[in-house]
Amino acid sequence: MNTATHFSETIMAPSTDSNVKGENSQVSYKKDINTKTDRVLQNKKHANDIFDVTEYLQSEKDKEVIFATNACSKIFCQLFYRGDLYTWDTPISDKLQCVIYVHYFHIFQETSLCALMKFVAAEGKHPLQNLDLSEHYNFPRELLRTLVEHLLSENEDMSLLISRFQEFLEMDDVRYYVMSSVRDNIYRVMGRNKKAVIPVYQNNVFALLSTINVPSSEASKMKNFLVKQECKFEHKRAFEQMWLVFLKFKLPSNMYKKILVILHESIMPQMSDPTLLIDFLSAAYDIGGAISLLSLNGLFILIHKHNLDYPDFYKKLYSLLDPSIFHVKYRARFFHLVNIFLSSTHLPAYLVAAFVKRFARLSLTAPPTSLLILLPFICNLIRRHPSCRVLIHRPSTPCDDPYVMKEEDPAQSHALESSLWEIKTLQKHYHPDVAKAAMKINDPLTEQEDDISELLELSTFELMERELKAERKTIPLEFDTATELLKSSREVLGVHFSLE
Amino acid sequence: MRQGSTSQNRGLSDKVRKSKAAPEIQKNPFEVKINRKKFDVLGRKSKHDVGLPGVSRSRAIQKRKETLLKEFRAKDKNNKFIDRRFGEYDQKITPEEKILQRFTLERQRTQDRKDMYNLNEEEELTHYGQSLAEMEKMTDVIDSDSDSEEKGLLSAELTATHFGGGGGLLRKKSAGDEDEEHKPKSRQELIEELIIKSKQEKRERQTQKEEAQELTEKLDQEWKSIQNLLAHKTPKAERKDETDKPKVLKHLRPNTEAVSEQGGEKEDDDGDEEGGEKEDDDGDEEGGEKEDDDGDEEGGEKEDDDGDEEGGEKEDDDGDEEGGEKEDDDDAEGEEEDEEGGEDADDEDADDDHCDLQSDEGSEDEDAEGAEEEQVCAEGPPAVIEEQKKAAQEAAKAELPYTFTAPESYSDLKALLQDHGSDQQCLILDRTLKCHHPSLAAGNKAKLQKLFGFLLEYVGDLATQNPPDLRTVSALIPQICGLCQMFPEAACKAVQTLLSDSGHSMEETLEVKGRAPMPDLDMLVLLKITALLFPSSDFRHPVTTPAFLYISQALTRCVVLSLEDVCKGLILCCLALEFVSLSRRFFPELLNFLLGLLHLTVSDKLCVSEILLHLIKPNELLVFYNNKHAWPVISSLLHLLCLCFRLSLIDSCLDLVKRCTSLYKDLPSFAHIFQPIRTLLLQHLPVEGYPAPIQDLHSEILDAIPEQPSQHAPLVFKKKKPIPLKLFTPKIVQILDYGKKRGNTKEEKEHERLKHKYKREFKGALREIRKDTRFLARENVYFSSFSSSE
């Protein structure tokens, strides 16, 4: 297309024919939209130009869409303020939402989202219908509902847009209505899908839910409104219901992990009745593996603060212990909790002994970082429960290890009749610190417990750094001087591999 | 008035001092000061209850007079005249008596000494301190104290004129003059004459010197032109000292000719010996490293080689000097020649033993020089010599220089070592180490310390390049070892840095991605080198402990996705086993990893869930033989190779397991540790499909692991000596100073005491100084008033 001639054309006949707008150049569409916007705002007569402007929304050019979106928001906000709008023009809002749908680029979604929220605000201030005064508030719930529906897409990942939406959630009324509409939405969508797992949708929901924070003291600080209102919301209740509905349905396993990680910090404290989570938590605890480990935290809070009685808690905890606990990401959290669970001195000796023995057996496969937690931990347990001292001190004749590793029930494991030979093995561990920690069982343990809290987050590299930074006066060298790469007195590598 | 009073005072104090113990002073109430006591302490004897201030003051004044005043008087004076004549300062003797006494003393002295047996004469008469009798003998022995003969004459005259001398000398002089001129010269004239004479002499000497110089230079040039024709070393006799150079110069020419004539026969015989001599001679200039080389352990063969090399090198030198037939060499050679050239320039500058050296060098050359000689003297077959010469040139080209600059950066080292074979790289490094040995210069230590880091980097590069050049790495090991033994700290630092960097990057990848790839070959090589350099059996070691952790991290956190990863993992396992083989320490990660690898060989996944497998994904990488299909269909050669590779990996894996079983069989939980492996091997491993050696290995391992854990005695605490009960006998502490601060430690008390003492001493010193100044001021006043009154 020859731009020069085209340019002259547009100047000669500016914006007369809206049907050729698709061929307009940059300047012309701006001008076109601007003039039309002005005309609409100046006089009601030109109201039909609105349709021309909205046509642009479906344009294929990015800039036009953005420009048109802004223009639309300007027009409608003005109209709202003047009170010229009597019935909500649904097609237009639909078109704007189309924008959210159609365009993948973040920036369009963002501008249209902002435009929509402006509409929400404008409509809230200038309601379309004169509602009866008996109702305290008027909030464009319908509009917000559609917005939420689009945000919680079943097909696309909307996390970026949701994070943008977060700023609107600062406002108490928006948050409240979002929460209620989310609840309805989940019901509807999950009902439609017959309770099957929809990962994308659930991800979106989770992204939205995790951004919602209910202020702690409810009545005092409710001052942040999008639309001026004088009413009280039952935020906590709405929050609780929303989450419960979400958690009621089956979730993908990584979603479980995500939820459980934030559960005790950001969900439970904001609920009015956290005990309602018991179903979810016990279900999670039964799943096994890392999810069980994570659900311990929530369970602990329920048991500790909400008087929950969980039968066979220790038995289940015992069965959770397998070699993988040393390698999962949540190792520190797990040991922290296990330490708390086993801190009571009222636990029966057989139980503690079973735990100790199991930990010891597992330690045979653990990496040094875990061993550095585990060994002081075992020592602490024995200190707390002096009746378990027989594990490290029992003068008697040699015998087989009576401990039954495969037994699920700690009571049947015969741990108290066993002895911690595994720790004896670890005294030969290659890492000096581990070996030293294991040496402690050679002597009667001291009264003072070791503090393991600072060891929990220890990584292998930190351990390495510790070793590297230590100042040494002399550096011993190998006694035999090497002559070749694969020729030393204790060659193993050279037996299996050779230099190419 | 004042003077009188002081003298009176002095008199009194003298008296007091002299009769210090006199009871009347102690009784005299004006002299005695009683130190009043506040309390009487029973049983304490006080020394200082009565003081005698007058006495002590006079004593102090006296002491000052003896020491301080004397020093004060002698201040700013370097010396003083002391008249040692008899009775000079004695005021009691009258002058007449003095003179008499002196005369007698004089007489006595002369009497006592030499004239003991002199009977006829009482004394010898002198004039101007010289014996008249001596002078009458007219012996004109002129003692000249100067060394040089040309000066001697001058000085004789000079002494005569300048010091006048005795009458005899003058007389003699005038007597000599009388014959020629018959009239005495005035003193002025004499002096002028003298000056002229001395100048003339000086000029003569100058010209003589110049002539000698010229002659030398000329001879040098001539010598240079013929020296190349010589194939024979000048006999030792000719290499004479610098001092009698003019003589040598005069005789050198005929000698050299003679030598050149007889050179042909001699060269073969002398070659070897002279090689040795030569090295001794100019070892300082260029041969320091050469000597080191010879001193190496390479022995006799090597020395012969060196001889040849030197010949080649020399040839190049001479080519340089002749300016004609210098051939283009590669860079290294050029560098070397620059150095050599520089040294030659030095030789010429330092023109002392230049000539000798040149003659040495000239005669030194064996084959190549022979060719030159051939052209002039026409001796020997030309073709052979030509060939020899060429060969020598080739050798010289291929030959490495002897000195290397120590690389300042990694790129320097790389440039130095690249494009050389592994043997030559070793040689280069060896020579670099030798020339920068810390004992040679101050900065060498730092250079070599840096070199270790660069070398490790270079080794890493060699290992990562495609294809990896591990032979060179292996060849470089002795050098690395040597450096490490020289600088353990620097080596430790360098290895630590590499380990820490690699560990850090692995940790970061783990945090970002959750899994990390297996370490690259350079890290594996580094770990191997670590095992070679540092003792892995130490309980705690700054290098090997982190290396352990690194291996542990790699074995637990790195993911195995391909056969290559399996291979790397097996290398790590080998290394781990090497690390613990001596100390027999327990390495759980090693067994975990081996178990995981064995799982890869199993095709049915039934057992996988029950046993620990974190990072080795249950894939069928190592599945060789599948039960479901009878035999794997070998579709292509590549496939076959792949299968062979798998089999060899399985073999290594099983062998490592076997080594582990023998290593750890003494551990108390041996059975528990190996139980999972046993289960796997027994129940799941498809042994039937493997070749016989692997099957044997398999059964050996199964034999080594017991089915039932063995019996152990339950743990008991170590037996300890019972701690004795606390006894309640009182602890007795000796209190030495009552009323003082107690409860301090011994050191604190001592410190306090010293501080107190110091304070007192300081105050005392101040007081003394004040008293000194007062005393000096008083003396000054006294002295000035005394002098003014005089």
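## Interface between chains A and B

Buried area is the accessible area, taken with a 1.4 Å probe, that two parts lose on being put together, summed over both. In this predicted model, chain B and chain A bury about 6,900 Å² between them, and carbon and sulfur atoms give 66% of that area. The contact involves 80 residues of chain B and 71 residues of chain A.

## Polar and charged pairs across the interface

The interface of chain B and chain A has 14 residue pairs in polar contact, both residues of each pair being at pLDDT 80 or more. Salt bridges across this interface number 2. In a salt bridge between Arg540(B) and Asp433(A), the closest N and O atoms are 2.5 Å apart.

On the side of chain B that touches chain A, at least two residues come from each of these helices: H19 (470-486), H20 (488-513), H21 (521-533), H22 (544-557), H23 (563-581), H24 (588-600), H25 (637-663) and H26 (670-684). By class, the residues on this side of chain B are 44 nonpolar, 22 polar and 14 charged.

## Crossing of H16 and H18 in chain B

Within chain B, helix H16 (residues 410-417) and helix H18 (residues 444-464) cross at roughly 60 degrees, their axes coming within 9 Å. The crossing of H16(B) and H18(B) is right-handed.

H16(B) contributes Tyr410(B), Leu413(B), Lys414(B) and Leu417(B) to the contact. From H18(B) come Leu451(B), Phe454(B), Leu455(B), Glu457(B), Tyr458(B) and Asp461(B). The contact of H16(B) with H18(B) comprises 7 nonpolar and 3 charged residues, with no polar ones.

## Salt bridges in the whole structure

Over all chains, the structure holds 22 salt bridges. One pair within chain A is Arg384(A) with Glu449(A), whose side chains meet at 3.0 Å, N to O. This pair links distant parts of the chain, the two residues being 65 residues apart. Arg384(A) belongs to helix H18 (residues 368-384) of chain A, whereas Glu449(A) lies in the loop between helix H20 (432-439) and helix H21 (460-469) of chain A.

Key:
Residues numbered from 1 in each chain as written. Chains lettered and ligands numbered in written order. Predicted model: local features only at pLDDT ≥ 70, side-chain atom pairs only at ≥ 80, totals over all residues. Heavy atoms only, no water. Contact = heavy atoms within 4.5 Å. Salt bridge = Lys/Arg side-chain N within 4 Å of Asp/Glu carboxyl O. Polar contact = N/O pair within 3.5 Å; in protein donor to acceptor, adjacent residues only side chain to side chain. Helix = DSSP H or I, 4+ residues; strand = E, 2+ residues; numbered from the N terminus. Nonpolar A, V, L, I, M, F, W, Y, C, P; charged D, E, K, R; others polar. Axes fitted to C-alpha atoms, helices over the stretch in contact; angles between N-to-C directions. Left-handed = near helix turned anticlockwise from the far one by under 90°.
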